[in-house]
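Visitor: I would like a close look at a single part of this model, with the terms spelled out as they come up.

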Amino acid sequence: MSRINNAAEAQPNLPESHSPLQTPVKPGFSSHKGKKHGPDPGNKGFFKRLSKQKALFLMSFPFVIWLLIFKYIPVAGWVMAFQDYKPQLGIFEQEWVGFKHFKDLFNEPMFYRALENTLGMGILGLVFGTLSAIAFALLLNEVRFLTLKKWTQTISYLPHFVSWVIVANIVITMLSPEGIINNLLVGSGILDRPINFMAQPDMFWGIVTAADVWKETGWNAIIYLAAMAGVDPQLYEAAKVDGASRWRQMWHITLPSIRPVIIVLLILNIGNLINIGFEKQMLLGNNIVAEKALVIDLYALDYGIGMFRYSFGTAIGIFKSVISIILILICNGFAKRIGEGRVF
């Protein structure tokens, strides 16, 4: 016992912070768990981060200016929809008429016909355009000959850069009574005599959709191909070990892996469902199919700006924007509820 007491007395007195029973405290932290008392090196100021990323900000600056000039500043022109706008008067000298032009818009039967055509062609283009782009991307992703794959990709992109004026002339020529489509159908015995497809109002929506799908499929498939390139190759190797065919791999690996991308693009496309433009309809249409070719943009051009009803045309533009925002919010909320990819 005396030997133990002597050993305890011989041990030097250690400071409390160096007690062998106490865990050393890391620099920058207090003895209380989780509390910092020193400067946080990750909490940098805004200007310091700006100086480090100034190249990125400078690159994006022209696009921000373009967005402000051509997208946000023109929104101030919406005030024209609530005025009886006359070009010779200043913006503050116009007569305010409230919602008069909106009432006129909703009371015109021609507007509902244009809305029906717009939604009809928009839905057809959305369904067949999305399905064709995904199918093309899946098939192209399975091509193992890189040279053939690159050439096919390049050729499929080219129609996107062709003007609708040229595409419309090609379509009209092919579908004319003397065109290649009638020659093939008559030669194979499907038709007894040639028909003029462009003079059939019931076929106009399908013709516009087919032309749009042919023109844009290769271009729309780019994002899906990029998403497929990010799929983990080990998933395919494991599927091969389990005996899955290439069709099974596409169905159970590729499609589920790119599903968030599909949902996001679908939401954005649904938001543009009512903004299908008027070039296709104006170039492919004629007096016989004019009733089926009238869309909202063409209606705004002919019955708004064409008749110098600038306030009426502005009201149509506001209606389109509000409908687009509502569609995006509904689809994004639905995607958020089911736990899929969403825009915001």
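Which element gives the most residues to the lining of the largest pocket?

Guide: This is a predicted model, in which local features need pLDDT of at least 70 and side-chain atom pairs count only at pLDDT 80 or more, while totals for chains, interfaces and linings use all residues. Residues are numbered from 1 along each chain as its sequence is written, and side-chain values use heavy atoms, with hydrogens and water left out.

The element is α9, with 11 residues in the lining. Helices here are DSSP runs of H or I with at least four residues, strands are runs of E with at least two, and both are numbered from the N terminus. A pocket is an open set of points on a 1 Å grid over the protein atoms alone, where a 1.4 Å probe fits and protein lies on both sides within 12 Å along at least five of seven lines; lining residues have an atom within 4 Å of a point.

The largest pocket holds about 750 Å³ of space, a volume being the space filled by probe spheres set on the grid points, which are joined across faces, edges and corners. It is lined by 29 residues, and G125, D212, E216, N220 and N269 are the closest to its centre. Two or more lining residues come from each of α5 (109-141), α9 (204-229), α12 (259-271) and α13 (279-284). By class, the lining has 13 nonpolar, 13 polar and 3 charged residues. Ala, Val, Leu, Ile, Met, Phe, Trp, Tyr, Cys and Pro count as nonpolar, Asp, Glu, Lys and Arg as charged, and the others, Gly among them, as polar.

The largest nonpolar core has 31 residues, of which F204, I296 and Y299 touch the most other members. Such a core is a set of buried Ala, Val, Leu, Ile, Met, Phe, Trp, Tyr and Cys residues joined through side-chain atoms within 4.5 Å; buried means under 20% relative accessible area, with a 1.4 Å probe and protein chains only. Two or more members come from each of α5, α7 (164-174), α9, α15 and α16, and α9 gives the most, with 5 residues. Apart from this core lies another, of 15 residues, including L138, A227, M228 and L265.

On α15, the buried residues are I296, D297, L298, Y299, A300 and G304. They pack against α4 (100-106), α5, α13, α14 (290-293) and α16, contact meaning heavy atoms within 4.5 Å.

Key. Buried means under 20% relative accessible area, exposed over 50%, partly exposed in between (1.4 Å probe, protein chains only).
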